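Thanks for coming, everyone. I'll take a few minutes on one structure, so please have a look at it first.

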Amino acid sequence: MYPTSLTPKLSDVSHDPIPGGKLPQRLFTRRELIPPDKDVLWRIDRGAVRTLTWNEDGIFIALGYWGTGDLVGHCLTKIQPYQIECLTSVEVSIVPPELWHQYTDAFLSHIQDSEEILSIVHLKPMSLRLGKFLLWLSEKFGRDVEQGRLIDLNITHQEISEVLNTTRVTITRILQEFEEQELLLRYKRRIIIRSQNNLIRSRV
């Protein structure tokens, strides 16, 4: 479990935009936690993060994955505990409350992505659930390559299992099945989706 002592307060950071209307920025490294300040939103300018919580047994539950243009922040949730973990090096802008009204589209996008993840988590069988999640990642973090659609994010089997409410072993097994069926292939610890339609074909 990530200790909350690793997430310092932002009392020493100004929330006022600097002259010229540019928002103050922060840089975070991979696996660093974005501070839990209730008075700011973080706009992701570069990189990817995930939001997560955990239950009383210490089992992580991933709540969402967020990339360039998305807003994240502790003020967007009532879930406790709650953390924002950087999956890559991340550059963010600090958006103070007096400017939140300018980000209606980003708020709507946050709601839509959260509901889509929630709907995916309840799909059955697990192969369909995983296939839908991979397609969702490919739309959000993907780019077209010669072999198909590359998910340009280094996400581990364990992290996928924490989103889809299953075990790492199950994710590894299904990914191997997808690979054997030539629905996807691996490239430098990333996934390339080769057949989108077959990937989400319901299986019994």
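Let me start with a term: two strands pair if DSSP finds at least two bridges between them. Keep in mind that this is a predicted model.

Now a pairing. Strand S2 covers residues 41-46, and strand S7 covers residues 90-95. Five bridges join them, and they run antiparallel. Look across from Trp42: opposite stands Ile94 in S7.

Where do these strands sit? They belong to an open sheet of four strands, in the order S1-S7-S2-S5. The pairing is antiparallel. At the edges are S1 (25-28) and S5 (71-72), each pairing on one side only. In general, strands of a sheet pair through backbone hydrogen bonds.

Step back to the whole chain. It has five helices and eleven strands. Of its 204 residues, 45% count as buried.

Next, the aromatic rings. How many aromatic pairs are there? The count is four. Take Tyr65 and Phe133. Their ring centres are 6.1 Å apart and their planes stand at 65 degrees; over 60 counts as edge-to-face, so this pair is edge-to-face. Tyr65 is in strand S4, Phe133 in helix H2, and 68 residues separate them. Buried or exposed? Both are buried.

Phe133 has another partner, Trp136. Here the centres are 6.2 Å apart and the planes at 15 degrees, so the pair is stacked. These two are three residues apart in helix H2, so about one helical turn separates them. Trp136 is buried as well.

Definitions and conventions:
Residues numbered from 1 in each chain as written. Predicted model: local features only at pLDDT ≥ 70, side-chain atom pairs only at ≥ 80, totals over all residues. Heavy atoms only, no water. Buried < 20%, exposed > 50% of the residue type's maximum accessible area, 1.4 Å probe, protein only. Phe/Tyr/Trp six-rings, centres within 6.5 Å; stacked < 30°, edge-to-face > 60°.
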